[in-house]
Every structure is written in C-alpha cells, then in structure tokens.
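I am opening a notebook page for a structure that is new to me.

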Protein chains: 2
Amino acid sequence: MFLDAGGSAPLTPRVRDALAAGFADGWADPARVHAESRRARALVDGAREGVADAIGVSASDIHFVPSAIAGIDRLVASIWSARRGRDEIVVSAIERDAVLHASSYIARREPREVPVDSLGHVDLPALEQALGDPGVALAAIQHANHEIGTVQDLDAVHAIAAERGVPLIVDATASVGHIAAPDHWDAIALNPADWGGPAGIGVIGLRPRTRWLPAWPEGDDWAPGGVSVPLALASAVALQERLELAEETAARLAELVHRIRADVGAMEGIDVVGDPEHRLPHVVTFSCLYIDGEALLTRLDREGIAVGSGSACTTSTLEPSRVLGAIGALTHGNVRIALHPGITDADIDRFIATIARVVPQLRAEAGAPTRG
Amino acid sequence: MFLDAGGSAPLTPRVRDALAAGFADGWADPARVHAESRRARALVDGAREGVADAIGVSASDIHFVPSAIAGIDRLVASIWSARRGRDEIVVSAIERDAVLHASSYIARREPREVPVDSLGHVDLPALEQALGDPGVALAAIQHANHEIGTVQDLDAVHAIAAERGVPLIVDATASVGHIAAPDHWDAIALNPADWGGPAGIGVIGLRPRTRWLPAWPEGDDWAPGGVSVPLALASAVALQERLELAEETAARLAELVHRIRADVGAMEGIDVVGDPEHRLPHVVTFSCLYIDGEALLTRLDREGIAVGSGSACTTSTLEPSRVLGAIGALTHGNVRIALHPGITDADIDRFIATIARVVPQLRAEAGAPTRG
C-alpha cells in the first residue's frame, strides 16, 4: 500500500502507454533539422501546450527542465540576476529546502523568512513589511505545503508583491494536478512526478513580463542538453488524466484524508497538523508523541505500508521537520501521507487500524510513559 | 535512413524493454526509505555498476546527471572551484561548445585553446607549454571528436597533465560505446544517447583522487532533484548491448565509413576530413565546395536520408563549423554521418548514389562553376 505519493506514484497504464509511444517516435534530438527530429519536436511542443493549457498560460511561457529542483535553482538564480542592486530574497518559513538553498547560493546570504501561523498561513502583514525593503530582489512563496497540506492565499500574496514591484516565484510542486493552478505568479515551478508523471523532469512557467538573465553557461537553456521527449509527453498525459478526474478524485481523497484526520487525530498523543479547510485534498501529516519517526516508518514498511516522514523523507535527512517546527508542532515521530487516486477506502481502513496497533507497541518498546 | 546517430539513435527492442521494466519497478524516489524506493535504488545502483564496469572504474566513481552537457557544466565548475588561486582553463581547439561555454562561465574568461593539426590531433608540445603555466586550473581534452572522428592520444595528454599536477577532464561523449574507453583521465563525461540509450540523462566519472568543490546550491548533488531511474537503467542496458557486439559492429561500420571516405572523397569538390586511421569507426564528415550545408541537409531529408551538419547540427546553429575551421578544412557545405548498428551495406550504397546525384544538382541550381 503506497501512501507516499508526494513526488512519486505508480504510473497508470495511460502514462505508460504515453512513455512507450514517446520512446518509439520521440527518440531523436528535437533541435535538429530532419524528419526524425521534427517528429520529436512535435511531441515535446504538444506536451508543452498540454501543460500550458492546464495552468492557463501560453506554451511559450512553459519550459521543461531536468527536475522541479533544477527548475527552482534556475528560476531563483535568473530572476535574482535581473535585479542587480537588490539582493535580498524573501521566503516563507515553510518553503522547501530547494528554495532556501537556491536563494542562499545565488545571493550569498540567507533569505529573509516570513513567519507562518499555527496552520501554516504566511503572515501577510509581515510579508508586506519585508517586501517594503527596497533591497528585495524577489519573493518565493509556495502555493501549498507538501508536508502539512496548507494552501496559501496567493491572490493576497501576489497583490502585495506586485504593488511593491517584487517578482514572485511560486513553488506549486505540491499542488498542481491536485487543486486548481494558482492565478497569480510571475514564475512558477511544477513537479510532474507529483501528479502521476515520471520522475526526471520538471516544468517551469514564466510570465512574459517577468525579467530574468541567464545565470548559466552560454548555450545552455533552462535545461542544459535538453530533456527527455518521452518524459515530457508522459508528464502532459499524466496531468491531463488527473485533471479529467480532478474534482471526483479530490472529493474522494479529501474524504479519506478527513477520516485519517478524525480517527488518527483522536488517538492518544497524536497531533494532526495543517489547515483543516484550505488544504491539499490528498496530503496529511501527523506527529506521534514519544515515537521515533524512522522507527515508525520502518515498522509500517514491514507491514507493507509505505509512508513519508514529515521532513524531506529521504534516507539522508531523517531529521526534525523544519516545517513542523515553524508552525509550532511536534517535530518528531511524524508521518506524511500523500494519497494517489488508486488508494481505496479499504486501504485507509487498514492504515488507520495499523496505526492504532503499532503506535502503542512502539511506545511500549521505547519505554514511553503510558496513562494508568 | 537515419545517418545522424551522433547523440541520438532509434532504441533497440532490448533498450525499450529495459525502459518498460524501469517504469514498472523503478518509478519511486530512490532516496526514500520504504520498499518501493529500495527497489528503485537497486535498479539505479545496478545501472551505475553496469556503466562503471564498462569503463573500468568502481560504481562509486560514477554519477548519473540530467545530460552530458549538464555533467560537463558541473565537472568544469566543481573541479575549477577546488583550484582557487589558479583560474585558467586549457582546452583543445576542437572541444565541444559545452566545454568552452562551461569554462568561460566559471572562470569569467575565455579558455586558452591549444591548436590541432590538419587531422585534428592536439599539438602536444603546445599543450605541454600551456600546462606549464602555474595559473592553470584544469585542462579539458576530448577523447574523440564528434564531427571529424579523430581520436586523441590520451595516454600522452594525461601524462603531460599529470606531470604538471593539472586535473584532466575528458569529454568521451562521442567515443564510449564505440571504441574502448580511455584509461587515463581525472574526470570524464559520457553520453548514453550516443551509444543507443535514451536522451535526458548523462554520466560522469571522477577518480577518487580528483579534488572538487560543489559549485551549486547546498543539497543539490551532481543531479539536482535526481535523475530518472528507468533512463539510468536503459542507459546501462544499451551500453551493455553495444559492448557485446562492439568489435563486430566497429569492424562492419568502419568498413562502411571507409567506403564513404573512398567513394565520396573521390567526387569532385568534396573533401573528407579527419584522421583516416585513429578515428571513431562510425563517424565521417565531408565538405562540399560551392554548396550550402542547410540546402544539402534539406535535400537529403526530402530523399528520406537524415544526416547531421558538421557544426552543432541544431536548427539554431547552422553556422560554419568551428572544428572544421580549426583543422583548416572547408567550413561550409559539410555533412556529418554517424552510423548506428542497424545501418546496412545497401543503405550506404543508396547514400553514396544519392550524394553523387544531388551534389551536382545543388551546385547547378546555385550557379556554381563547373569544369568544362
């Protein structure tokens, strides 16, 4: 049972068909002049149009990149580079590591963090104040948080940035494919693997009015050496497939997430975090008092249940979650669930029953205090 | 008939099977902790071992990157960054654009070019002199040239660099998969799409003793956001498939190239370039007097024959070839042929006959001088 579909999910038959078609017809380099290349170019152009349609922009505003993180790196660096004289980058306290690292790298200083409230919403007056500083080069505020699921009020955020002439980069890597794309941004990053597409490719969008300068070797583009045409094609097909069923899927997964929030949240010493209303339909994180996150992940894995940890959930960074710290929640023993459309009611029944069984066991094994 | 298999080729059934298997079992993020991720990790580890074996190094010396060019960018930047105090980069006059651009970008000055002779061999005394300068940070010399096919004497090149303590980056993006991998390098770049693998992935190798410093945001690796596991797997399978038949394929393709060199080279006003002996078995370039390169490519495309131009052969850079200029050859009207193993004797018969027919036609159309 795969409940870690944030940034990766099993591919549907339709996406696998698109990949096979892409490798059959799109193996050539789309930048050359002959028929084989024109065929590849037509496929990648079609994919670009598909993604552009889905987020309501024109295809020329969209670029495929090697990964969402590679896209964030290049967006931050190139928009920052067009704002010479201004060098501060403003971010929310719950942006992804990639945004913070890209910012520190190009600006050679830590970005200025705007706090969030206990549900994860950006403090708008604090944002307003931060962006009032004339030294601000750009702001990066996410659409939705990949750990706690909270969706930001980007209309308000973008209005604040626009009024001050500060370009806004929106990290939509956890939201597009699950909820409606945001309307207001100057640049945007998307992650196909998060909506059921293949890994190894990302998407960025830039409004025509957004100024940037290349911050990379001459001849490179947003994607040095290009990207895989079949991966681009499959990304667009996966997004199309998700959008066709978006409302239905979102309603069904939201109902399952609601059950997890209610049932697991009612268990002793477990906190469910994030905004209960303005949230991603398919993501939920909770923290368990007196439990080590890695031990819980490992136990669930042995039960055949794959979950993520609230933090970056990689083998190398099983460390306390910065996002949970920023909202004042427990930063240990946390589990992040991200549901893909193939998950059933029965899966969630089993997941809740398993949590109810293994959490007290792990606490007992760890010698945690129990109520008389 | 696809005769432009430098950097792209139709995928064989075995490579397409590897891709399908990779997307079935390797869709998860290999960096996470659960079973699905461990499966993906095993696939990418196996792929890394396969490529490492093929070039005679250990798997820990090998990294997958988003493309060969992205790999060259990061190798040049990171090795240069570990040599603070020394900032000059030395290259051959026929390195790929990517090497020159990566060098100019990180060093903020043009690299120093070492000339080549009329066959394309690096001038070793000139290299020796250039590397004697104490301000040299690194050298980048290709294994074989992708346009003219000439193979460098890397044993001699590396001996010169090693004696002066200068790290040597070897661009082997046109050679590995076609001829034996070079023995002597400090860092190396490889291009899976050049040996029949998929596009959208590259490979780099670093000797354990080669010093480098990350020249990218914290948390990024050689490949920011990782690479596609199925593309990595298919790259290794494609290399294995090529190596199993390497000697046989090389001998057969070399014979076809020899025929092109002899028959096309005997036609009036056509020059065949590159070393006739120390060369890639599958690549040949020739230049046609009084002919526009793009017109020839387009005419051949209409005849169902896909070739490359001698220059970077992209739609955007149909400009005189820098490589041909460096060896003193005609820089216009040039055609680059790169054969994949599926090409037959009959294909080459037809190609030679087509050249014999269309070149005089194009010259007549252009009003070129003809012999009485």
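This is a predicted model: local features need pLDDT of at least 70, side-chain atom pairs count only at pLDDT 80 or more; totals for chains, interfaces and linings use all residues.

Entry: I laid chain B on chain A. The RMSD came out at 0.0 Å, with a turn of 180° and a shift of 0.0 Å along the axis. That is the relation of a two-fold axis. I then looked up which residue of chain B comes closest to the rotation axis. It is Pro66(B), whose C-alpha lies at 2.9 Å.

**Entry: the contact between chains.** I found 53 residues from chain B and 53 residues from chain A in the contact. On the side of chain B, the elements that give two or more residues are α1, α2, α3, α4 and α9 of chain B. I noted that α4(B) gives the most, with 6 residues. This side of chain B divides into 28 nonpolar, 15 polar and 10 charged residues.

**Entry: a helix pair in chain A.** I turned to α5 (residues 124-131) and α6 (residues 154-163) of chain A. Their axes come within 9 Å and cross at roughly 20°. Angles under 35 degrees count as roughly parallel, so α5(A) is roughly parallel to α6(A). I logged the crossing of α5(A) and α6(A) as right-handed. Which residues make the contact? From α5(A) I listed Leu124(A), Leu127(A), Glu128(A) and Leu131(A). From α6(A) come Ala156(A), Val157(A), Ile160(A) and Ala161(A). I sorted the residues of this contact into 7 nonpolar, no polar and 1 charged.

Key
Residues are numbered from 1 along each chain as its sequence is written. Chains are lettered from A and ligands numbered from 1 in the order in which they are written. Two residues are in contact if their C-beta atoms, placed from the backbone, lie within 7 Å. Helices (H or I, at least four residues) and strands (E, at least two) are DSSP runs, numbered from the N terminus. Ala, Val, Leu, Ile, Met, Phe, Trp, Tyr, Cys and Pro count as nonpolar, Asp, Glu, Lys and Arg as charged, and the others, Gly among them, as polar. Copies are superposed by least squares on the C-alpha atoms of residues with pLDDT of at least 70 in both. Axes are lines fitted to C-alpha atoms, for helices over the stretch in contact, and angles run from 0 to 180 degrees between N-to-C directions. Angles under 35 degrees count as roughly parallel, over 145 as roughly antiparallel, 65 to 115 as roughly perpendicular and the rest as oblique. A crossing is left-handed if the near helix is turned anticlockwise from the far one by less than a right angle, and right-handed if clockwise.
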